[in-house]
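Let me put the structure up, and then we'll walk through some side-chain contacts.

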Amino acid sequence: MTDRFHQYTDIKKLYSLSNSNWDYAAEAGVHGCVFEPSGGGRLQTPDGRSVVNMSSYSYLGLDEHPQIVAAAVAAVQRVGVLNSSLSRVRMTLPILEEAESELSSLFDAEVGTVNSCAAGAWATLPVLSSGLLTGGIAPVLVFDKRAHFCLAALKALCADETRVVTIPHNDMEALERICRENRAVAYVCDSVYSTGGTVAPVAELVRLQEKYGLFLYFDEAHSTSVVGTNGRGFALDIMGSINERTMLITSLNKGFGGSGGAIMFGPRGDLSVRRAVQRNSGPLMWSQRINTAGLGAIVESVKLHRSAELVRLQEQLQENIRHFDEVVESVGHGNTVPIRYIALHSEDDTVNVSRCMLEAGYYVEPDFFPIVKRGGAGLRVRLRSTMSRDDIDGFAKALDGVLKDRPENRAAAVHGGF
């Protein structure tokens, strides 16, 4: 019998290749950190120092917005329970219906919520693979090579329903060949890639959709709230609106400043896809859901997303991105995505640079395999609208000082290579 193990993952090998790096980062105090938030995107270390968080996913600073925090507290007090503790297919709370109705109105799509963006992937990708969403024909499921881990981790499960293919990053020629040769194809990718530098070629994907009926599946976690009218994100901003052959999952606790994740099933008011997913997947059928505080935060954040304050925060974020690019050379330089990657020489050097930056007053995470490809270790910076120019200039100066005695790292940082 043919050995079919490890076609999509090999956890034991992954462990052997990466565990020593995780251990070293933990020993250096740059992974597994226990810091107290101290406001303004700053963290307080156990020894009482205040450091600037350069790796926060809260791109607009909404995680500490006083109105959103107050709304979370008020929701628990008003509803009287933290969780409904029963599957939503049997019973739900009015605040859950309210949150999803508000999100549906905001994004002009049929929106459901889950505990996380990853749970959204688990809820939807196997159902998409089955053919239930593509006219009964199981589509060839094509993954971009750099699709987020929460997507790629489901390849084996999806392969039990259909043929799974992985193509090079943003390779539209390869995708079009597959579209020409198969009756149904679905493409799975990030709209904005989490390690910085690249985005999906959305306009070209829409062309393939119009020509071949390609089903598009986007992970929008890093651009929701950050770009677009009402913060609708990178893909929807280009597409104009969602259609019946497009699905998005996103995070509500990054730029959005709420909690959990969301699934945009398709056009608003069309319940067919939502029902197919909800009745045939785990995460939407189980009793776990976003708790009452998180739902209250979501409702309040929707209000903010409709206000002039969101526009101001988006504009300030873009100004901070432009200024960062003026003072720091990095992968992603020049684009509007709030993620920058400073590629360095090796895993150990990356951890050491991160440790030195923490000592200088800036927490910036060290990334290495399997977060990035082997040999691609570096620092991942996430910019926020609430950063001051002094924060950015101070980071640039500290980084320059740390790298000046490491010429191999300086060359890698300047030339990228990721």
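So, which residues do ring pairs link into a cluster? They are F324, Y362 and F395. I'm counting rings of Phe, Tyr and Trp (its six-membered ring) as a pair if their centres lie within 6.5 Å; planes under 30 degrees apart are stacked, over 60 edge-to-face, and the rest tilted.

Quick housekeeping before I go on. This is a predicted model, so local features need pLDDT of at least 70 and side-chain atom pairs count only at pLDDT 80 or more, while totals for chains, interfaces and linings use all residues. Residues are numbered from 1 along each chain as its sequence is written, and side-chain values use heavy atoms, with hydrogens and water left out.

Back to the rings. The structure has five aromatic pairs. One of them is W22 with F368: the ring centres are 5.1 Å apart and the planes sit at 75 degrees, so we call that pair edge-to-face. That pair links distant parts of the chain, with W22 in helix 1 (residues 11-27) and F368 in the loop between strand 13 (365-367) and strand 14 (378-382), 346 residues apart. Helices (H or I, at least four residues) and strands (E, at least two) are DSSP runs, by the way, numbered from the N terminus. W22 is partly exposed at 32% relative accessibility, whereas F368 is buried at 1%. Buried here is under 20% relative accessible area, exposed is over 50%, and partly exposed is in between, with a 1.4 Å probe and protein chains only.

Now have a look at Y57. What lies over the face of Y57, at 3.9 Å from the ring centre? That's R382. K254 lies over the face of Y57 too, at 4.6 Å from the ring centre. The rule is NZ of Lys or CZ of Arg within 6 Å of the ring centre and within 35 degrees of the ring normal.

On to salt bridges, meaning a side-chain nitrogen of Lys or Arg within 4 Å of a carboxyl oxygen of Asp or Glu. How many are there? The count comes to 20. Take E100 and R88, with their closest N and O atoms 2.7 Å apart. E100 is in helix 3 (residues 94-107) and R88 is in the loop between helix 2 (66-79) and helix 3, so this bridge ties together parts 12 residues apart in sequence. Buried or exposed? E100 is buried at 4% relative accessibility, and R88 is buried as well, at 14%. Both belong to a salt-bridge network that links R88, E97, E100, E110 and R274.

Another one is R340 with D325, at 2.9 Å between the closest N and O atoms. Here R340 is in strand 11 (residues 339-343) and D325 is in helix 12 (residues 308-327), 15 residues apart. R340 comes out buried at 0% relative accessibility, and D325 is buried at 10%. Then K303 and E300 meet at 3.7 Å, N to O. Those two are three residues apart in helix 11 (residues 292-305), so about one helical turn separates them.

Four strands make an open sheet in the order 1-2-3-12, with mixed pairing. Its edge strands are strand 1 (36-39) and strand 12 (362-363), each pairing on one side only. Strands pair if DSSP finds at least two bridges between them; strand 1 and strand 2 (residues 42-44) have three, in the antiparallel sense. Within that, P37 has L43 in strand 2 as its bridge partner.

That's my tour, thanks.
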